[in-house]
Amino acid sequence: MTFLRVTARLVICSIALSAVARSGKSQDSAAKQSTRPGDIPKSIAESVSGTLQFTEGNFLALAEAMPEEKYSYIPTTGKFDDARSFGEQVKHVACAQFAFFNEFEGKKPPDDCEKGGHDPAKTKAELIKYLKNSFDYSNGVLATLTATNALDRVEGRYAGPSTKLGISVVAVWHITDHYGQLVEYLRLNGIVPPFTQKYGIKVR
């Protein structure tokens with residue numbers, strides 16, 4: 001009986017010490033989260049760029065996940081008579097990023113982003129490069145957005161007239177619009193989008 005009592009007390013003490021340790025870790029973690037630097041955007045540009053870069057990353061992963069032989073794919077189940085192929089959608093998004101931020105800068109945007117613009121990219125590798133270049137460009141321009149120029153007028157046929165802030169938000173929306181479409185292209189080819197593979201249903 002003595003042995004059982006000692007064992008029971010040791011088990012109880014072990015549980016109690018474990019609980020205290022877990023509590024301490026939780027408090028430490030909470031304290032670190034509440035005091036960590038840079039947890040919110042510090043400027044108007046950062047307030048948009050965080051979402052833009054997140055969206056760009058997901059779209060790029062989607063484009064990289066589709067096999068090259070499927071870049072000409074257009075769904076046949078449903079009403080897709082006037083739909084773009086997978087590759088055409090990727091090219092359209094890249095061209096639109098240039099167009100939106102050309103207008104932001106007061107430059108003349110491409111004439112025909114509805115058809116992908118004048119860039120000669122055709123293969124998967126070329127289209128991925130075009131897409132990455134468009135994202136690099138958009139982030140570089142967006143970094144110039146400030147409280148002083150956010151409401152400056154922007155002209156152009158791609159979502160204009162608007163403001164510099166407005167056209168930046170449209171750029172984010174536009175990527176998500178086509179991301180949603182291409183998710184179905186991937187799934188119809190038996191591919192789960194990379195973001196969904198990583199996080200699953202818990203983020204919805």
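Biologist: At what angle do helix H2 and helix H4 pack, and how far apart are their axes?

Modeller: Two packed helices are described by the angle between their axes and the distance between the axes. Here H2 (residues 44–65) and H4 (residues 124–142) pack at about 175°, with axes 10 Å apart. An axis is a line fitted to C-alpha atoms, for helices over the stretch in contact, and angles run from 0 to 180 degrees between N-to-C directions. H2 and H4 are therefore roughly antiparallel to each other, a label for angles over 145 degrees. A word on the source: this is a predicted model, where local features need pLDDT of at least 70 and side-chain atom pairs count only at pLDDT 80 or more, while totals for chains, interfaces and linings use all residues. Residues are numbered from 1 along each chain as its sequence is written, and side-chain values use heavy atoms, with hydrogens and water left out.

Biologist: Which residues of H2 and H4 meet?

Modeller: Contact means heavy atoms within 4.5 Å. From H2, the residues include Leu52, Phe59 and Leu60, and from H4 they include Ile128, Leu131 and Phe135. The contact divides into ten nonpolar, four polar and four charged residues. Ala, Val, Leu, Ile, Met, Phe, Trp, Tyr, Cys and Pro count as nonpolar, Asp, Glu, Lys and Arg as charged, and the others, Gly among them, as polar.

Biologist: How do H3 and H5 pack?

Modeller: H3 (residues 86–104) and H5 (residues 164–187) pack at about 175°, with axes 10 Å apart. That makes H3 roughly antiparallel to H5. Among the residues in touch are Phe100, Phe101 and Phe104 of H3, plus His174, His178 and Tyr185 of H5. This contact holds 14 nonpolar, seven polar and two charged residues.

Biologist: How many helices and strands are there in the chain?

Modeller: Helices (H or I, at least four residues) and strands (E, at least two) are DSSP runs, numbered from the N terminus. The chain has six helices and two strands, in the order α-α-α-α-β-β-α-α from the N terminus on.

Biologist: What volume does the largest pocket have, and which residues are closest to its centre?

Modeller: On a 1 Å grid over the protein atoms alone, a pocket is an open set of points with protein on both sides within 12 Å along at least five of seven lines, and lining residues have an atom within 4 Å of a point. The volume here is about 190 Å³, the space filled by probe spheres set on the points. Of its 13 lining residues, Ser85, Gly87, Glu88, Lys91 and Lys115 are closest to the centre. H3 gives the largest share of the lining, three residues.

Key. Parallel < 35°, antiparallel > 145°, perpendicular 65-115°, else oblique. 1 Å grid on protein atoms, 1.4 Å probe; cavity = no way out; pocket = protein on both sides within 12 Å on 5 of 7 lines; lining within 4 Å.
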